[in-house]
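Subject: Two-chain model for your files

Hello,

Here is the structure I promised. Please open it first, then read the notes below.

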Amino acid sequence: MPYGSKPDHRDNTALKSQWVIVYADEVSSFNLATSQNWSSDASTRWGLHLNPNVANLGQSAVAFGIPTRALFIAKFIDGNANDLWHGYPADPYRNQQDLPPTNVLKRWHSESHLRLALIRKLVKGQLCAL
Amino acid sequence: MRPLEIRIPGSFYDSQIYSGELYLWTTAGAIVRVDWNKLVDSVEKKDQYRATFEFAFRRSEYLYDPNVAILLHDPEVRSVLEQRFRALSESPIEVSTGLLESCTIAQYDNRFGFPHADSGFYNGTIFVGGRDGVEYAWPTDEDHAMQPTKLTDLPALGIALGSSRLAIAAGSEGVFQLTAAPHIESNLKMVAPSFSNWVRWMESALFASNRSSAGTFVDFKPGKKNEDHPDRPREKVVRQLLPVKELGEFHEQVDYVWGGDDRLCIAATGHIDVVKFFPRRKLADRFKFQGRVEVSTKGAHHFIAADNAVFGFVLEHATGLVVLTSSSETIHLEGEPVNWRVFPRSKYYTNQLHVVREEYISVLSFNDDFFVNQDEKLSGVNVNRNAQFGKRPRSGRPEPLVYPTPEEPSGSLALPISDDDIPF
């Protein structure tokens with residue numbers, strides 16, 4: 001399944017969250033999401049950047065407030081259902097559609113990737129950081 | 001005064017206490033329903049601490065009883081009572097696994113969405129809200145038999161129950177309400193369009209926070225009579241939306257606002273301004289600046305969340321909780337909590353703060369507020385003396401306290417009264 005990075009999440013576009021990890025790590029995050037089946041449906045997968053523990057992978061869009069926030073969840077989409085994927089650093093504090101589904105959150109906790117306090121803050125729309 | 005603490009080991013996510021029962025959401029996918037009265041009764045304690053223990057964990061309302069107040073404010077009685085609260089707060093009371101099991105009424109498979117955002121009890125019904133909507137269920141006495149019913153698919157970041165209604169903070173979808181008592185109805189309506197992740201009832205009005213410097217007060221009035229059910233109370237419809245910024249002229253950068261019951265709190269660097277809400281007054285006179293609580297922080301507050309309790313304000317920061325008590329103490333509860341909640345609208349548990357940690361849950365009991373003048377206090381909401389249970393029959397309500405009579409030689413109330421004999 002081909003994966004391609006979208007340039008506006010790497011070119012400091014003010015309205016877009018930005019990757020802070022290199023492209024190879026972005027692809028690794030997508031491959032991990034695929035192999036672990038961290039998905040909500042056929043066209044949406046959810047990624048983490050393991051280094052070896054969960055590490056930040058992006059920062060929030062500058063247009064929505066300074067200082068920006070560190071982001072640690074990636075959202076991958078096959079927008080046209082043609083198996084051409086792209087992704088971006090998800091910002092669930094800013095956008096509810098960027099919150100992974102409960103089955104993924106539950107697995108991230110049971111597999112010790114995210115602590116429960118962090119998950120509580122995510123589902124309540126509260127500020128949180130790794 | 002440090003809070004008293006009952007500590008229950010285990011891996012939990014959330015808790016509720018209602019009508020003599022403690023509900024614990026485990027991370028293993030269960031909801032454990034515990035006979036709280038039995039558990040408190042079963043904890044080993046010296047005879048002279050029995051009544052203090054009751055007030056701390058089972059019957060917070062007793063000490064607010066106006067008939068008791070005259071006795072409570074007697075300096076000697078007060079001194080003895082404070083001494084006993086202090087003695088009990090010296091170390092946490094650990095509940096063994098065996099005791100927890102022996103007090104467990106039922107254990108249900110958690111069929112609500114998990115991890116959820118918020119939960120609440122009202123009129124004998126448990127409500128749980130999260131990313132996939134809001135569900136409700138009635139606990140039964142049989143294991144595994146608590147089947148939730150979906151109320152709405154609307155995402156819930158926070159919920160609040162009060163004034164016979166359920167309020168839902170649905171993030172960017174806005175703020176919604178529906179009738180929750182005496183019958184749960186499907187009359188879901190938006191009451192404010194603004195982003196909200198947190199709601200609280202203020203009598204029959206609502207406060208919705210956007211988790212930062214903006215918040216909206218929603219005032220209601222009775223709507224049209226329900227022609228299909230003329231016997232039912234009239235639905236409440238929005239009379240007015242009042243953004244917090246219109247409450248006054250703020251000369252400083254506001255960090256965070258929250259509200260609930262009879263207090264609105266506006267936090268700026270170094271202090272929290274407290275605005276008291278008078279629901280029975282004319283609209284223009286309903287809010288009155290009550291005073292300023294100084295906070296030791298030099299910089300901005302960096303709130304994760306905050307809530308109003310009877311015993312004070314509870315603030316969550318990245319590194320832990322801070323309780324600004326009504327007796328003007330600042331108590332730090334270090335360490336990031338998994339979850340926490342207070343029960344300002346309950347009848348028996350207004351003094352409790354539940355803090356879920358990674359390996360246990362702490363039921364903390366704050367007892368200074370009994371000695372504070374309710375009309376003059378700044379931190380914390382006034383105790384709700386009208387708190388009532390719903391009409392659904394419940395088995396686990398606390399029994400009235402029975403004190404040993406003077407005829408019982410082993411009792412702690414043998415006359416004449418000495419320091420150890422005062423029933424607190």
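Which residue just after helix 3 of chain A takes a positive phi? That residue is A:Gly125, with a phi of about 70 degrees. Helices (H or I, at least four residues) and strands (E, at least two) are DSSP runs, numbered from the N terminus.

First, the conventions. This is a predicted model, in which local features need pLDDT of at least 70 and side-chain atom pairs count only at pLDDT 80 or more, while totals for chains, interfaces and linings use all residues. Residues are numbered from 1 along each chain as its sequence is written, chains are lettered from A and ligands numbered from 1 in the order in which they are written, and side-chain values use heavy atoms, with hydrogens and water left out.

Confidence

The predictor gives the complex an ipTM of 0.93 and a pTM of 0.90. Chain B has a mean pLDDT (the predictor's confidence in each residue, from 0 to 100) of 86, and 88% of its residues reach 70 or more. Take care with residues 388-424 of chain B, where the pLDDT is below 50. Beyond near neighbours in sequence, that stretch has 77 contacts in the model (contact means heavy atoms within 4.5 Å).

The interface

Chain A puts 21 residues into the contact and chain B puts in 31. The area buried between them is about 2,200 Å². Buried area here is the accessible area (1.4 Å probe) that two parts lose on being put together, summed over both. Carbon and sulfur atoms give 48% of that buried area. In chain A, the residues that lose the most area to chain B are A:Gln96, A:Arg120 and A:Lys124, together 30% of what that side buries.

There are 13 residue pairs in polar contact between chain A and chain B, both residues at pLDDT 80 or more. A polar contact is a pair of N or O atoms within 3.5 Å; within protein, one must be able to donate a hydrogen and the other to accept it, and residues adjacent in sequence count only if both atoms are side-chain atoms. On the side of chain A that touches chain B, helix 2 (102-110) and helix 3 (116-123) of chain A each supply at least two residues. Helix 3 gives the largest share, six residues. By class, that side of chain A has 10 nonpolar, five polar and six charged residues. Ala, Val, Leu, Ile, Met, Phe, Trp, Tyr, Cys and Pro count as nonpolar, Asp, Glu, Lys and Arg as charged, and the others, Gly among them, as polar.

Helix 3 of chain A

Eight of the eight residues of helix 3 are buried, so this helix is largely enclosed by the rest of the structure. Buried means under 20% relative accessible area, exposed over 50%, partly exposed in between (1.4 Å probe, protein chains only). What do these buried residues pack against? In chain A, they pack against strand 8 (73-77) and helix 2. In chain B, they meet strand 2 (12-18), strand 24 (312-317) and strand 27 (339-342).

Salt bridges

A salt bridge is a side-chain nitrogen of Lys or Arg within 4 Å of a carboxyl oxygen of Asp or Glu. Three cross the interface of chain A and chain B. A:Arg120 pairs with B:Glu316 at 2.8 Å, N to O. B:Glu336 pairs with A:Lys121 at 2.6 Å, N to O. B:Glu336 lies in the loop between strand 26 (330-334) and strand 27 of chain B, and A:Lys121 in helix 3 of chain A, so the pair joins two chains. A:Lys121 counts as buried, at 3% relative accessibility. B:Glu336 counts as partly exposed, at 22%.

Within chain B, B:Glu82 and B:Arg78 form a salt bridge at 3.4 Å, N to O. Both lie in helix 4 of chain B, four residues apart, about one turn of the helix. B:Glu82 is buried at 16%, and B:Arg78 is partly exposed at 29%. Salt bridges that share partners also join A:Arg115, A:Lys121 and B:Glu336 into one network.

Chain B

Chain B has five helices and 29 strands. Of its 424 residues, 57% are buried. In helix 2 (residues 50-58), eight of the nine residues are buried, so this helix is largely enclosed by the rest of the structure.

Best wishes
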